[in-house]
Amino acid sequence: MQSSLPMVPQQHAPDAGSAGSYAASTVELGDLKRILVRRRFWIFGTVTLLTLVALLYGLFTPALYSSAAEILIDPQDLQVVTNDVNPSRISPDGGITQVESQVSVVQSTGVLMRAIAATNLTQDPEFNGQGLLSRLLGSASAEGDRSAQTLDALRRRLAVKRADKVLVLDVIVTAKSADKAALLANAIAQAYLVDQASARAKMAKDASESITARLDEQRKRVQQAENAVEAYKSANNMVMAAGNLVSDQELTEINTQLAAAQSRTAALKAQVDQMRRQSGTADATSEAMRSAVISSLRAQEATLVDQVSQLGTELGPRHPSLIAAQQQLRDTRQLIARELGRIATATETDYERALANQQALEAKVAGMKSKSLDTDQASVRLRELQRDLEALRSVYSNYLQRAQETREQINVDSTNARIISNAMPALKKSWPPLPLLLIGAIFGGLGLGTGLALIAEYVSPTVLSSAQMQSAIEAPVLGVVPVKSGTGRRWWPLGGERAAASSQKADAVVGFALRRMFSSGQRPPDWPLVPSILVTSSPGEGAQRSRVARLLANAAASRGSRVLFIDANGGGSQKDPQPGILDVLRGEYAFEAVSHYATGSNVALLGRGRSKAVFQEAHGVYFAQQMLAQASRSFELVVIDGGALADNLNASPLVAMADEIVLVATLNTTPMRDVTTTSQAVSVMGRLPTGALLVDEAA
């Protein structure tokens with residue numbers, strides 16, 4: 001049978017752009033509350049079991065008592081002598097590391113064996129492993145085995161702790177007797193102090209013996225080095241004076257003399273050069289200016305010049321007195337010239353003598369330098385021998401001093417540690433701590449139960465959130481409908497019965513869902529088929545599915561729309577069912593003949609009908625098209641309760657013709673596998689879900 005009516009435009013899953021807007025299928029933090037509430041019996045059962053086990057353990061376990069002795073350890077040891085064998089240096093961390101290492105020392109075999117010997121602990125059945133059962137079996141251990149067993153048992157009962165940022169060690173021992181625990185804690189603390197003193201005395205003794213054994217060898221090495229130095233100086237004719245070579249001292253003195261001679265020669269040469277520039281006269285030289293004879297003659301010359309000038313004015317040029325005065329002036333000037341000549345001659349003579357002296361000193365220095373080079377080559381080896389000698393002397397001196405110091409430290413205890421608090425018998429048992437065990441059991445049970453609940457949820461996941469549902473069906477969640485309902489004068493569109501109305505929140509959610517479904521504009525304006533919604537769910541969600549379908553019909557009717565409500569899932573249990581949708585799909589009835597309005601409402605009801613015969617799917621699609629085309633003249637919306645499509649194949653024609661296919665699931669109740677099964681059933685029928693409505697039982 002061919003259909004002359006147009007096919008409903010198929011709606012597919014969102015494209016990549018819209019699908020990317022949906023959240024990933026992951027468990028969010030808010031979903032944990034739903035998981036824990038739903039699986040609370042796992043948590044309560046685990047808490048009860050662990051609490052019962054802890055209670056039984058605390059009641060039947062023998063009591064143990066703990067006592068603690070406190071030891072103060074100062075990382076800066078007592079400075080009894082200088083250069084102690086155990087130098088007292090504090091590490092950059094304030095000695096915390098040094099004190100922390102003493103925790104291991106307290107638990108060492110040496111310290112514990114001292115405490116065992118002091119308390120005769122090998123004879124105690126609690127620690128030596130010779131209990132009642134061993135005595136009854138007649139198994140006696142050897143003395144060595146008994147000591148090892150006692151040591152092992154004591155270590156299990158011993159705890160050495162250090163509080164943060166303090167230098168105090170707590171030695172804690174646990175035993176069945178409070179007095180015994182205090183006795184052992186004090187014995188271990190005392191054994192630690194004795195062990196430290198003994199260890200330091202042994203270290204000082206070993207160091208002293210080792211240093212003393214090396215003294216004779218060091219003394220011989222010093223003598224050999226001194227003999228080598230003296231023999232080398234004698235072989236190379238190296239005479240020492242005041243710690244230096246005599247040849248070096250002579251070279252230093254001659255160098256000083258040569259420097260002075262060079263300075264004098266330079267000064268005299270400057271004077272000679274000056275006189276030579278003045279044509280051999282020394283009239284303007286510093287020697288002439290400093291000469292007393294020249295000064296006297298200059299004074300006489302000046303007097304005679306005045307006298308000649310005066311006589312020439314008074315007596316005339318031929319007067320005998322004038323002539324005599326002029327002759328005296330000429331004689332005086334000749335004396336000055338002769339004196340200047342003598343000064344120039346003396347200066348040149350001094351220069352020549354200074355130059356000769358300089359040359360002689362230079363020749364002597366050159367000779368001594370040549371000799372000094374040979375001596376310097378020998379001095380290199382001599383200085384090396386002297387350095388070796390000084391090093392050996394220093395080492396020998398240190399060895400001798402340290403031998404005396406370490407010998408004195410053998411009998412001196414420099415350990416800066418003391419017991420600041422002796423252990424006292426405990427007044428309360430330390431084990432088993434029943435309150436702590438119960439608290440731990442409760443919180444541990446909560447944690448373990450929570451983990452088991454989450455594991456159970458992981459093994460059998462349920463719908464937890466809108467994002468998870470969207471990711472599973474690849475379609476948007478249209479809303480979350482609360483379960484709790486209030487009161488009001490509203491009707492349910494089935495059987496004409498009035499029921500309690502849903503809450504205002506549920507009405508609002510369903511109303512927004514209707515608006516979202518038909519606001520996309522995908523239906524053409526002249527489409528001949530009435531808008532239709534098919535509601536489906538998993539088999540276990542029948543009640544919630546029916547409620548959501550009725551809410552959709554009720555929401556549309558409350559806004560003045562005429563609604564056809566088709567219950568394709570009900571009526572199967574009646575012995576003589578009335579004609580319904582199955583009869584319409586077989587073409588046996590028109591839907592107007594089998595539908596009826598609910599009393600006092602604008603909702604027409606159409607039941608499931610009779611399933612006495614099987615119809616072909618193509619025929620069913622044809623009659624479904626006719627029904628929706630005819631319904632468009634009388635109704636604005638068709639709401640179909642399609643049931644569980646995985647079990648209701650008769651609803652396949654309705655699935656093919658419905659505009660919207662809405663899946664209903666209950667938060668934290670509907671398994672995800674049921675959602676997948678229902679979605680696959682819709683896919684098998686040629687469609688994909690277009691949306692989902694979630695039911696929240698906790699709202």
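Where is the place of Asn668? Asn668 sits in the loop between β13 (660–666) and α22 (672–684). Helices (H or I, at least four residues) and strands (E, at least two) are DSSP runs, numbered from the N terminus. Phi of Asn668 is positive, about 65°, although Asn668 is not a glycine. Asn668 counts as buried, at 7% relative accessibility. Buried means under 20% relative accessible area, exposed means over 50%, and partly exposed lies in between (1.4 Å probe, protein chains only).

The model is predicted: local features need pLDDT of at least 70, side-chain atom pairs count only at pLDDT 80 or more, and totals for chains, interfaces and linings use all residues. Residues are numbered from 1 along each chain as its sequence is written, and side-chain values use heavy atoms, with hydrogens and water left out.

The secondary structure of the chain comes to 22 helices and 14 strands. Of its 699 residues, 40% count as buried. The accessible surface of the chain comes to about 37,900 Å². Carbon and sulfur atoms hold 55% of that surface. Accessible areas come from the Shrake-Rupley method with a 1.4 Å probe; for residues, only the protein chains shown count as cover. Contacts in the chain were also sorted by sequence separation, a contact being heavy atoms within 4.5 Å. Among those between residues at least 6 apart in sequence, 81% join residues at least 24 apart.

Strands of a sheet pair through backbone hydrogen bonds, either parallel or antiparallel. Two strands pair here if DSSP finds at least two bridges between them. Five bridges join β2 to β3, which run antiparallel. Ala159 stands opposite Ile172 in β3.

The loop between β2 (158–162) and β3 (168–175) holds Lys165. Phi of Lys165 is near 65°, a positive value in a residue other than glycine. Lys165 counts as exposed, at 72% relative accessibility. A further backbone feature involves Pro432. The peptide bond from Trp431 to Pro432 is cis, with omega near 0°. Pro432 lies in the loop between β6 (417–421) and α14 (434–459).

Salt bridges were counted next. Each is a side-chain nitrogen of Lys or Arg within 4 Å of a carboxyl oxygen of Asp or Glu. By this rule the count comes to 16 salt bridges. One of them joins Arg114 and Asp195, with the closest N and O atoms 3.7 Å apart. Arg114 lies in helix α5 (residues 109–119) and Asp195 in helix α9 (residues 178–235), so the pair ties together parts that are 81 residues apart in sequence. Arg114 counts as partly exposed, at 33% relative accessibility. Asp195 counts as buried, at 18%.

Arg562 forms a salt bridge with Glu636, the closest N and O atoms being 3.1 Å apart. This pair links distant parts of the chain, 74 residues apart. Arg562 is in the loop between α17 (542–558) and β9 (563–567). Glu636 is in the loop between α20 (617–631) and β12 (637–643). Arg562 is partly exposed at 34% relative accessibility, and Glu636 is partly exposed at 36%.

Asp583 and Arg586 meet through their side chains in a salt bridge (2.7 Å, N to O). Asp583 counts as buried, at 0% relative accessibility. Arg586 is buried as well, with a relative accessible area of 14%. Salt bridges that share partners join Asp124, Glu126, Arg157 and Lys180 into one network.

Helix α8 (residues 143–157) contains Ser147. Ser147 counts as buried, at 18% relative accessibility. Leaving aside neighbours within four places in sequence, Ser147 is in contact with Met113 and Thr122.

Leu52, Leu55, Leu56, Leu59 and Phe60 make a nonpolar surface patch of about 520 Å². Patches are made of residues with over 30% relative accessible area and no salt bridge: like charges are joined within 9 Å, nonpolar side chains (Val, Leu, Ile, Met, Phe, Trp, Tyr) within 5 Å. Phe60 is in helix α3 (residues 40–60). Phe60 is exposed, with a relative accessible area of 68%.
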